[in-house]
Amino acid sequence: MANEYAVNTGHSTGDYVTINIGPSHPAMHGTLRVIAQTDGETVVKADPEIGYLHRGVEKLGEHLTYHQFIPITDRLNYCSAIANNVSYEMAVEKLMGIEVPEKAQLIRVIMTELARIADHQVLVGILGVDLGAFTPFFYLIIQREEIYEIFEWYNGARLTNTFGRIGGVEADLPDDFDARWRELKPNLLKAIDETDKLLTHNRIWMDRTIGVTAFSPEDALAWGFTGPCLRACGVKRDLRKDEPYGLYDRFTFDVPVGKNGDVFDRYMIRMREMEESIKIIDQAYAMYREMAPDAPLMAKVPKTIKPPVGEVYHAIESPNGELGFFIKSDGSEKPYRIKIRPPCYMIYQAFPELVKGEMIADLIACLSSLNIIAGELDR
Amino acid sequence: MTMDLLKGVSNCLGPLVIASSEFRGDVTVEVPKARITEVLVRLRDDPALAFDFLVDLFGVDNLDLYKKAAKPEKKTGGEGDAAEEPKPEGPPPPRFEVNYLLLSLSTNRRLQVKVRVPEDDLSVPSVTGLWKAATWPERETYDMFGIRFPGHPDLRRLLMWDEFPGHPLRKDYPLEGRGEVRILRYE
């Protein structure tokens, strides 16, 4: 094979070697496979293959009622199932024209932001592990466990939360949430601070992340990037600010933005966003405390949901980016068509362009920093 | 707000708009499938609209709706008399749709553009030349519905394996599959 790439870049000449990375590989996040053509250590071409975890979730949705589909959305993203639940529930509420009570919305905000912190903790921790820095993983994962305990204590499940209901939430926050949050918050901040000290100015970390798989804002937008990966490229876009849903227009928080769109920026955005999420939870909980104890948690929703004929799309800012649900209703008790717009799906399709010309080790760093969740990707 | 958007889109596209609708604040326009690329370029480049971001692209199979339109169900009257619903006028709708969800980053407005795809011509021009973001969604629509996208640089199955015979998101494809046997080709 003519080695045009090697000639163009001044790299060594020779035939390309095809390497299969995954679908069962310790560095792959879930069942992903990348067929990489390499010139020495340099990636000439990478072809990601997905579908190993495809469970036909959208097809399944056409055969379940609107309520029954909520637990299915849990199985899309094990890191932030709550965001998937809330996004789906809000899409159905939009379809039905239901107004959710404020108290339920505040509980949703608190839980979704906790899920965001947990999701980012996993990303930063695993990114460190993939690049050989094991310690931050422990600092962060212990705190994630604390967040999962709050989820378990609130709704009985750690990962598959089946959080919320169409029209609100099932239960109020337990009385001792205040004590739990007061105990958790300093630990979260401490874990972020310790990770910051261990990684951010670490020479090896900087060498492995700065300038690696950088993307321009134009490219990111053309490829449909959203969320932290888009913000890392310098585009200040966050659905919580730009198209505020729920009660997000009432909270004060910053939207961190990067410059280079490289692995380092994607890491830094997540670190700063965890702090912003803590600020949002504080504000939401302060508002929650001012509400009457018997304030409603559910809107009036019929037991059998039969929305009017029509189609809607609703998206929220999930930890990975824009997570949207398109629902087409034919007026029956089951959705006629459900289309999920997972954020990592759009991001991962740009993977070949991101890693072209990078080293194999950088391919792993890039994959970690994109936060690919196979369940959400394949659906 | 919604009316402004509909008016702006109508001004931009003119006779290319076959139908338009609004539901819960979501605006949808239907355009001819052969001219989808032209429509999206116009919507993207019109400074008043600036729909410069492709959020998603996907297919919908209207088979069941088509059946309902073709064979209206018999309604039972109050005293057991069978009363038929009036037959719909005009031709039945084409079976498939391809929907494009667009977003304007400057105005934060959204628009759904729809093309209808009949069974005897399962192809829609690819829009990967406008947005690279259409690469996988078009492959997925091809995989799940069998709709081809001429002009796509690499139209292969995405979620199912290459030898898979069906298109699972079609309405006539059963939920539990057709008992496919996986074909392993060792060379």
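B:Arg42 counts as partly exposed at 31% relative accessibility (partly exposed lies between buried, under 20% relative accessible area, and exposed, over 50%, with a 1.4 Å probe and protein chains only). Its partner in a salt bridge is B:Glu38, with the closest N and O atoms 2.9 Å apart (a side-chain nitrogen of Lys or Arg within 4 Å of a carboxyl oxygen of Asp or Glu). This is a predicted model, where local features need pLDDT of at least 70 and side-chain atom pairs count only at pLDDT 80 or more. Residues are numbered from 1 along each chain as its sequence is written.

**Salt bridges within chains**
- B:Glu38 is also partly exposed, with a relative accessible area of 31%.
- B:Arg42 and B:Glu38 sit four residues apart in helix α2 (residues 36-45) of chain B, so about one helical turn separates them (helices are DSSP runs of H or I, at least four residues, and strands runs of E, at least two, numbered from the N terminus).
- B:Glu119 pairs with B:Arg95 in a salt bridge, the closest N and O atoms being 2.9 Å apart.
- In that pair, B:Glu119 is partly exposed at 48%, whereas B:Arg95 is buried at 6%.
- In chain A, a network of salt bridges links seven residues: A:Glu113, A:Arg116, A:Arg231, A:Asp238, A:Arg240, A:Glu273 and A:Glu317.

**Where the chains meet**
- The contact takes 48 residues from chain A and 47 from chain B (contact means heavy atoms within 4.5 Å).
- Ten salt bridges cross this interface; one of them joins B:Arg110 and A:Glu322 at 3.0 Å, N to O.

Methods:
Chains lettered and ligands numbered in written order. Heavy atoms only, no water.
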